[in-house]
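Hi everyone, thanks for coming. Today I'd like to walk you through some charged pairs, so let's bring up the structure.

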Amino acid sequence: MDRVEAKHWRAARGRRLNVVLVLGLAFALSGCKGELYSRLSEKEANLMIALLLHNGIAADRLQAKDGSNTVRVEQERFADSVTLLNASGLPRAKFEDMGSVFSSNGLVSSPTEERAKLIHALNQELARTIMEIDGVISARVHVVLPKNDPLRRDQVPSAASVFIKHDARAEVTMLLPQIKTLIANSVEGLTYDKVAVVFVRGSSEPVELSPSTSIETTASVLSHDGSALRGSPLILGASAAAGVGLLGSIGVFQLWRRARAGRAQRKVPLRRDGGTRVRDPLRVVS
């Protein structure tokens, strides 16, 4: 009876040890990742991950319950990731539309406040439109709507200033006439010659990343509970190889433990009980 209990105890201990080994290996393979940017749309998160993978930085996307996404990278590549994304104008600036600016909050706005909201909404809408041009990293629009007195003879015309930072490889300056026409036709009382556009070329030097021992070219998408939604063949293959290696290690350990238990059992001394030699299961000689 004692031998059976000892056997069951050793089996339970072996199962607990196997669980510890599995969890330890899973933790080691998962690495230590930190959040890079959160509350992103799926499109923007995919653009950021594609850029990071193209430059050899492993990244994944964690999807929350509300549909927003979080991009994560390894802690040692965090600085490189921020530098690379910032040079490419990612993540994009958030712009407000007319509906959100003039959303009713239950309070009556003064004429001055309504005018300020109108100018802000125009600036946001025009900047968001310019951001749709390929090669534009960031854009700002400043519209000036003078408060003219209708009884005055000399009226102050409207004006607008546009700031555009673009990729050094993109010829955005070729679109100057189209941009000025777009701004002039979007604001009441604004003429073509009253639109000033400033172009700033981004850095033409490639972003220098810190040396890395291995180049990762895979990504994964995780749900809010951490389960994988999609995976690349490389990730699946690596996981399968790790699983096979883990099972092999566990098998070798089990064989070694059984062999050790067998050697210990053969060393159990014999005691006499009524003239019969029997093994004492409770005494083990090392």
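Let's start with Lys94, which is exposed at 58% relative accessibility; exposed means over 50% relative accessible area, buried under 20%, and partly exposed in between, with a 1.4 Å probe and protein chains only. A word on the background: this is a predicted model, where local features need pLDDT of at least 70, side-chain atom pairs count only at pLDDT 80 or more, and totals for chains, interfaces and linings use all residues. Residues are numbered from 1 along each chain as its sequence is written, and side-chain values use heavy atoms, leaving out hydrogens and water.

So what does Lys94 pair with? Lys94 forms a salt bridge with Glu44, with 3.2 Å between the closest N and O atoms. By salt bridge I mean a side-chain nitrogen of Lys or Arg within 4 Å of a carboxyl oxygen of Asp or Glu. Glu44, at 7% relative accessibility, is buried.

The structure holds eight salt bridges. Another of them joins Asp60 and Lys33, at 3.1 Å from N to O. Asp60 sits in strand E2 (residues 59-63) and Lys33 in strand E1 (residues 33-40), so this pair ties together parts 27 residues apart in sequence. Strands here are DSSP runs of at least two residues (E), and helices of at least four (H or I), numbered from the N terminus. Asp60 is buried, at 2% relative accessible area, while Lys33 is partly exposed at 27%. Arg72 joins Lys33 and Asp60 in a network of salt bridges.

Finally, Lys117 and Glu113 meet in a salt bridge at 3.9 Å, N to O. They are four residues apart in helix H5 (residues 111-131), separated by about one helical turn.
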